[in-house]
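Please examine the sequence and the model shown below. The explanation begins with the overall composition and then turns to the arrangement of the elements.

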Amino acid sequence: MNNTLNVTTAGDRELVVVREFDAPRNLVWRAMNKPDLLKRWLTGPPGWEMTVCEDDAREGGSFRWEWSGPDAAKLVMTGVYQEYLPPDRCVRTERFEMVGGPPMGEQLATLELVETAGRTKLTVRIAFPSPEARAGAMASGMTEGMAAGYDGLEALLATLPA
Amino acid sequence: MATARLDATFMALADPTRRAILARLAAGEATVMELVAPFKLSQPAISKHLKVLERAGLISRGRDKQKRPCRIEVAALAEADAWLEGYRKLWEANFDRLDDLLAEMKREGERP
């Protein structure tokens, strides 16, 4: 069983996140798409909670998710579904905004679920508008699930003297 | 580390030439002219990359006015790496909660 979170870069502006779950695809899809279920796990850092999950989940439909944290901090993610194909694929635009902070660029996220023997592999591909946007998003901590192992950084660190 | 500084660090690291320069400097300090040769870039181009790296705190420049050798600043790189690790942990926590929820859903069986 391998439920390790795997984050890699692809090309100069994509991030790819892979995670397996010990559940069939239809359950994973529901947990990732039903607002009341999403709110239970996609809470963010300690002290934060998902407070708004408006989701018009269909091709062309838009969504608005909000998280609230300490000191009235608020993070908003909005976007539009370009494809919505339960139970295994969706493509959507995503735009993050930290309330009071600068607006951020729009990214395109492709989520796919593949079931094998009762287990499900989630693959999320995030395409940023530019390499700089990818770097900026990673630095700002606003990318979806992008606990990013930075392309080249680890290799670089390995070459450094202790 | 302040967010602005971390932004600058990741922006600096986004460029493959700058990462290559850092990799070269990891092997020891070098002057601008010593960096020009292997990278096949003009001196102004190299200098521009070095300015970005210096602003991000990833390198420092010596005081020798003629040569101003560049050296890598390991601390800034380590901070960036530590930040990434923290962020990875945050998402692992999200997905761990999802694991728990899925286990509960399996126990309860399919519900419409």
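The model is a predicted one. Chain A comprises 4 helices and 8 strands. Read from the N terminus, these elements follow the order β-β-α-α-β-β-β-β-β-β-α-α. Chain A has 162 residues, of which 26% count as buried. When contacts in chain A between residues at least 6 apart in sequence are considered, 35% of them join residues at least 24 apart.

The strands can be followed across the sheet. An open sheet of 8 strands in chain A is arranged in the order β1-β2-β8-β7-β6-β5-β4-β3, and its pairing is antiparallel. Its edge strands are β1 (6-10) and β3 (49-55) of chain A, each of which pairs on one side only. From one strand to the next, the twist averages 20 degrees. In general, strands of a sheet pair through backbone hydrogen bonds, in either a parallel or an antiparallel manner.

One pairing within the sheet may be considered in detail. Strand β5 of chain A, residues 74-85, and strand β6 of chain A, residues 89-98, run antiparallel and are joined by 8 bridges. Which residue of β6(A) stands opposite A:Val76? The residue in that position is A:Glu97.

The remaining topic is the placement of a helix against the strands. Helix α1 of chain A, formed by residues 25-33, lies across β2 (14-21), β7 (106-116) and β8 (119-127) of chain A.

Key. Residues are numbered from 1 along each chain as its sequence is written. Chains are lettered from A and ligands numbered from 1 in the order in which they are written. This is a predicted model: local features need pLDDT of at least 70, side-chain atom pairs count only at pLDDT 80 or more; totals for chains, interfaces and linings use all residues. Helices (H or I, at least four residues) and strands (E, at least two) are DSSP runs, numbered from the N terminus. A residue is buried if 20 or more other C-beta atoms lie within 10 Å of its own, exposed if 12 or fewer, and partly exposed in between; C-beta atoms are placed from the backbone. Two residues are in contact if their C-beta atoms, placed from the backbone, lie within 7 Å. Two strands pair if DSSP finds at least two bridges between them. Axes are lines fitted to C-alpha atoms, for helices over the stretch in contact, and angles run from 0 to 180 degrees between N-to-C directions.
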